[in-house]
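Thanks for coming. Please have the sequence and the model open.

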Amino acid sequence: MPFARLATATTPTCHIGLGLAAIGRPGYINLGRDEDLGEDRSVETLRARTHELLDAAYAQGVRYFDAARSYGRSEQFLADWLRARPDVDDIVVGSKWGYTYTADWTTDAEQHEVKDHTLATYERQRAESAALLGDRLDLYQIHSVTPDSPALTDKELHAKLAEAAAQGTTIGFSTSGPAQADAIRAALAVTVDGEPLFRTVQSTYNILETSAAPALAEAHDAGLTVIVKEGMANGRLAAPHAPDALRAVSAETSLGCDAVALAVILREPWAGVVLSGAATVNQLASNLHAAVVDLDEDQLARLTALAEEPQAYWSRRSSLPWH
């Protein structure tokens with residue numbers, strides 16, 4: 001398991017990762033994106049910004065980096081950074097397959113990504129990821145598994161994924177939608193030759209969307225590494241948009257709303273890696289303060305009370321515009 005490298009790390013930020021969803025392409029659904037990125041979102045500008053973020057993250061103890069085939073040029077930007085820094089050999093690199101990026105480097109595409117969990121898509125995208133990342137790719141995840149995904153039942157696909165695992169690539173999956181818990185439990189039951197196929201799970205969990213917690217605890221107990229994504233709820237928990245209770249706790253701790261929101265996740269015993277989706281170096285630095293936030297029981301209770309019904313949360317998320 002590549003994540004064993006993090007188990008012995010001593011920096012407080014080693015269990016915070018950097019996700020490249022917001023920075024590998026010009027358009028995404030995070031609130032505040034216009035202020036974060038400005039108007040210049042050329043390939044070279046976002047490549048430089050990605051490398052600046054990767055440098056800052058690594059310097060501050062971050063050791064997991066997360067990309068995907070559908071995150072624009074995120075894999076390419078990450079691969080370029082790795083080639084320029086051959087001495088960086090103590091990190092874990094993850095990517096995902098199952099969505100194809102279709103926005104052609106625009107922010108107003110009719111469709112930004114297309115989902116397909118078939119074996120043919122896996123084989124095509126695995127070759128694409130391998131061409132960029134080579135043997136630096138530690139973890140390959142099925143992107144956004146839902147209970148109806150054919151990836152949960154396709155035995156031929158499972159066999160191919162098991163082959164990749166036998167060759168040294170850790171196989172995982174991510175989830176999305178209001179039925180994340182069902183998808184996680186279904187994936188935990190997938191075996192090849194009597195052995196569990198998946199070794200990691202990446203799910204949305206934050207103080208507004210907590211429904212996956214029991215299933216993530218089960219996954220952790222089954223030996224999977226749990227990666228948490230969207231801890232900032234696509235910007236809904238950032239200072240300009242944060243609920244009053246989060247703003248109040250932020251003021252009490254003298255740390256940002258983002259740091260507080262991520263700190264709540266880091267307290268979960270099943271949370272192996274919590275992703276920062278920062279788009280700027282200043283956002284990243286603020287996110288990383290999550291590792292030192294100290295919350296008392298009253299503060300936690302006020303934050304826990306912010307949880308929404310899953311259907312309401314995901315309906316709100318699906319209505320967020322691409323910026």
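A crossing of two helices is called left-handed if the near helix is turned anticlockwise from the far one by less than a right angle. With that in hand, take α7 and α8: α7 passes α8 in a left-handed crossing. Keep in mind throughout that this is a predicted model.

To place those helices, α7 covers residues 180–188 and α8 covers residues 213–221. Their axes are 8 Å apart, and the packing angle is about 20 degrees. Angles under 35 degrees count as roughly parallel, so α7 is roughly parallel to α8. On the α7 side the contact is made by Ala 181, Ile 184, Arg 185 and Leu 188. On the α8 side it is made by Pro 214, Ala 215, Leu 216, Glu 218 and Ala 219. Sorted by class, that contact has 7 nonpolar residues, no polar ones and 2 charged ones.

The next pair is α4, residues 74–84, and α5, residues 119–133. Here the axes come within 8 Å and cross at roughly 25 degrees. α4 and α5 are therefore roughly parallel to each other. From α4, the contact takes in Glu 75, Gln 76, Leu 78, Ala 79, Leu 82 and Arg 83. From α5, the residues are Ser 129, Leu 132 and Leu 133. The division for α4 with α5 is 5 nonpolar, 2 polar and 2 charged.

Which way do they run, parallel or antiparallel? α9 is residues 244–253, α12 is residues 297–304, and they pack at an angle of about 155 degrees with their axes 9 Å apart. The two are therefore roughly antiparallel to each other. α9 passes α12 in a left-handed crossing. α9 contributes Ala 245, Leu 246, Ala 248, Val 249, Glu 252 and Thr 253 to the contact, and α12 contributes Gln 299, Arg 302 and Leu 303. Between α9 and α12, the contact residues divide into 5 nonpolar, 2 polar and 2 charged.

One of those residues deserves a separate look. Thr 253 lies in helix α9. Leaving aside neighbours within four places in sequence, what is Thr 253 in contact with? The partners are Val 260, Asp 294, Leu 295 and Gln 299. Thr 253 and Val 293 are 40 residues apart in sequence, and their C-alpha atoms are 7.4 Å apart in space.

Last, the second largest pocket, which holds about 180 Å³ of space. It is lined by 15 residues, and the closest to its centre are Phe 3, Leu 224, Thr 225, Val 226 and Gly 272. Helix α1, at 4–7, and strand β11, at 225–229, each supply at least two residues of that lining. By class, the lining has 10 nonpolar residues, 5 polar and no charged ones.

That is the end of the tour; I will take questions now.

Technical notes: Residues numbered from 1 in each chain as written. Predicted model: local features only at pLDDT ≥ 70, side-chain atom pairs only at ≥ 80, totals over all residues. Heavy atoms only, no water. Axes fitted to C-alpha atoms, helices over the stretch in contact; angles between N-to-C directions. Helix = DSSP H or I, 4+ residues; strand = E, 2+ residues; numbered from the N terminus. Parallel < 35°, antiparallel > 145°, perpendicular 65-115°, else oblique. Contact = heavy atoms within 4.5 Å. Nonpolar A, V, L, I, M, F, W, Y, C, P; charged D, E, K, R; others polar. 1 Å grid on protein atoms, 1.4 Å probe; cavity = no way out; pocket = protein on both sides within 12 Å on 5 of 7 lines; lining within 4 Å. Points joined across faces, edges and corners; volume = space filled by probe spheres on them.
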